[in-house]
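Reader: I am new to this entry and would like to learn how to read its features one at a time. Could you take me through it?

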Amino acid sequence: RGEGAGSTTTLNTFAKATFRSAAYNMQIVDATDETYELFELRVTHDGTNAYVSKFGRVSNAASETATISADISGADVRIRGSISTTNEHVVKYVRRVIKV
């Protein structure tokens, strides 16, 4: 998606009442400059706050393609991303969830 650099968008959600934690293998590709990033992401929550860890980054870019965060909005845990440029980006992921 092509949005302003630093703008934050929701990449994925899951129901906080159903799932306690999620694990992602996430890939982000900058379609304009052909840089890509692959990393693992772990998210858990306590019903009020979400906690996230990003690790295992592999990339051909000098700096991170996106800043990843997590929060709770209403009934959902949201995985949020702030892309570092205004270029078109493609985000793909594999998600595993663990029930409450």
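**Surface, fold and one residue**

Author: The accessible surface of the protein chain comes to about 5500 Å², and carbon and sulfur atoms hold 49% of it; such areas come from the Shrake-Rupley method with a 1.4 Å probe, and for residues only the protein chains shown count as cover. This is a predicted model, in which local features need pLDDT of at least 70 and side-chain atom pairs count only at pLDDT 80 or more, while totals for chains, interfaces and linings use all residues. Residues are numbered from 1 along each chain as its sequence is written, and side-chain values use heavy atoms, with hydrogens and water left out.

Reader: How many helices and strands does the protein chain have?

Author: Helices (H or I, at least four residues) and strands (E, at least two) are DSSP runs, numbered from the N terminus. The protein chain has 0 helices and 7 strands.

Reader: Is Thr35 buried or exposed?

Author: Buried means under 20% relative accessible area, exposed over 50%, and partly exposed in between (1.4 Å probe, protein chains only). Thr35, which lies in strand E3 (residues 35-45), is buried, with a relative accessible area of 14%, and buried residues make up 31% of the 100 residues in the protein chain.

Reader: Which residues is Thr35 in contact with, leaving aside its neighbours within four places in sequence?

Author: Contact means heavy atoms within 4.5 Å. With those neighbours left aside, Thr35 is in contact with Ile28, Val29, Asp30, Asn60 and Ala61.
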